[in-house]
Amino acid sequence: MTTWIIAADERVASLVEAAHTIGGEAVAVTVGAVAVTGVDKVVQIEAGEGVPAEALAPQVVAAVPAAAGDVVLAANRPAERVLAAAVAASLNAPILNGLVSLQAQSAELAVYGGIGLESVAFAGPVVAILDGGLACEGEAVAAETITGQGFTARVVATEGSDVAEVNLAAAKRIVAAGRGFKAEEDLELARGLCSALGAELACSRPLAEGTNWLARDRYVGVSGQNVSPDVYLAVGISGQVQHTAGMNNSKVVIAINDDEKAPIFQFADYGVVGDLYTVLPALTAELG
Ligand SMILES: Cc1cc2nc3c(=O)[nH]c(=O)nc-3n(C[C@H](O)[C@H](O)[C@H](O)COP(=O)(O)OP(=O)(O)OC[C@H]3O[C@@H](n4cnc5c(N)ncnc54)[C@H](O)[C@@H]3O)c2cc1C
């Protein structure tokens with residue numbers, strides 16, 4: 001039994017860990033020179049200058065001859081999702097999304113926005129999409145290189161976004177702001193707390209897809225980011241299921257809300273019933 005890992009990027013430590021949980025041989029198929037550790041074998045597909053990873057789908061498909069009982073893992077990122085879909089189509093295999101756990105020939109998937117669990121069993125090969133996690137640590141496994149003809153696509157220009165990228169999935173501490181904040185400039189209170197705590201700033205969906213005060217990669221929930229930090233501080237967030245589905249694997253949850261009946265308190269290990277405009281400055285001052 002083999003677990004195949006498709007890697008267009010070095011942030012695949014969670015996939016390597018999942019491969020170890022499944023057991024058997026672990027083979028990484030990388031697009032270009034991507035350092036992967038902790039696997040038995042690395043097959044590197046030569047990527048020419050300016051060739052996007054997606055254009056190498058034919059080579060990735062050829063390099064992943066998964067058989068019954070095998071699992072193909074890909075990180076939940078745009079290029080890897082495309083490559084995973086190409087492999088699934090060629091293998092006539094199902095794609096598993098929303099993975100909670102994965103073993104040889106069975107998996108648990110989160111359904112209905114994370115409030116339910118679905119158990120699935122599979123006999124043939126499957127393709128599973130999960131958070132890639134951090135970059136692998138340690139010495140990279142020496143790669144065997146293959147070439148081949150991909151699709152004729154080439155990147156002719158790139159333009160940087162003026163929005164800084166954030167990797168919330170890797171954050172150990174998160175301060176998440178919700179609609180309890182009355183104005184964009186009030187988010188400075190949350191930023192101050194982030195600095196004092198060494199935390200990343202996140203938010204509920206309305207702040208990213210409504211007021212647009214924060215970038216979309218900062219909102220947590222069923223249609224946003226899935227996070228599992230050591231500490232998740234929810235400030236002025238009511239705790240609707242669409243939000244909590246993305247943070248209910250946090251180790252410690254602290255909620256600050258002026259409504260003692262807010263559902264977020266059901267998820268909280270520690271709660272402060274109070275006005276965030278009073279609580280945040282006091283907390284930041286105490287930590288600073
Ligand atoms: C299909 C679908 C997908 C969705 N996906 C997501 C998702 O991925 N992520 C997500 O977050 N949402 C998502 N939503 C939206 C979700 O249903 C909620 O509307 C949203 O999470 C509410 O955000 P909120 O808690 O910030 O705001 P609210 O629900 O308005 O809560 C604001 C909270 O702040 C408190 N508050 C107000 N003033 C203060 C103060 N001064 N001090 C302290 N507390 C205060 C209030 O008591 C209240 O509890 C989705 C909705 C749909 C329909």
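I take a pocket, on a 1 Å grid over the protein atoms alone, as an open set of points where a 1.4 Å probe fits, with protein on both sides within 12 Å along at least five of seven lines; lining residues have an atom within 4 Å of a point. Grid points are joined across faces, edges and corners, and a volume is the space filled by probe spheres set on the points.

**Ground rules.** This is a predicted model, where local features need pLDDT of at least 70 and side-chain atom pairs count only at pLDDT 80 or more, while totals for chains, interfaces and linings use all residues. Residues are numbered from 1 along each chain as its sequence is written, and side-chain values use heavy atoms, with hydrogens and water left out.

**Domains.** I looked up the division of the chain. I noted domain 1 (2–146) and domain 2 (168–287); the bounds come from an automatic or database domain assignment. Their C-alpha centres lie 32 Å apart. Five residues from domain 1 and six residues from domain 2 make the contact (heavy atoms within 4.5 Å).

**Second largest pocket.** I found about 460 Å³ of space here. It has 28 lining residues, and R179, S204, G236, I237 and S238 lie nearest its centre. The elements giving two or more residues to this lining are α5 (205–208), α6 (241–244), β14 (252–257) and α7 (276–287). Elements here are DSSP runs, helices being H or I of at least four residues and strands E of at least two, numbered from the N terminus. I sorted the lining into nine nonpolar, 13 polar and six charged residues. In that sorting, Ala, Val, Leu, Ile, Met, Phe, Trp, Tyr, Cys and Pro count as nonpolar, Asp, Glu, Lys and Arg as charged, and the others, Gly among them, as polar.

**Largest pocket.** I read about 1,800 Å³ for this one. Of its 50 lining residues, L130, D131, G132, A169 and N226 are the closest to the centre. α1, β6, β8 (116–121) and β9 each give two or more residues to the lining. By class I get 19 nonpolar, 21 polar and ten charged. Domain 1 and domain 2 each supply at least three residues to this lining.

**G132.** I followed this residue out of the pocket list. G132 sits in the loop between β9 and β10. Buried or exposed? G132 counts as buried, because its relative accessibility is 5% (buried is under 20%, exposed over 50%, partly exposed in between, with a 1.4 Å probe and protein chains only). Beyond four places in sequence, G132 is in contact with R11, V12, A13, S14, L15, A75, N76 and R77.

**G138.** G138 is exposed, because its relative accessible area is 68%. G38 is 100 residues away along the chain, yet the two C-alpha atoms are separated by 8.4 Å.

**Nonpolar cores.** I count a core as buried Ala, Val, Leu, Ile, Met, Phe, Trp, Tyr and Cys residues joined through side-chain atoms within 4.5 Å. The largest has 27 residues; I5, V36, V39, L73, L96, L99 and L102 have the most contacts inside it. Among the elements giving two or more residues are β1 (2–7), α1 (13–22) and β2 (25–31). α1 gives the most, with five residues. V36 touches V12, V16, A28, T30, V42, C136, A140 and V141, leaving out residues up to four places away in sequence. I also logged a second, separate core of 25 residues, including I45, A79, A84 and A93.
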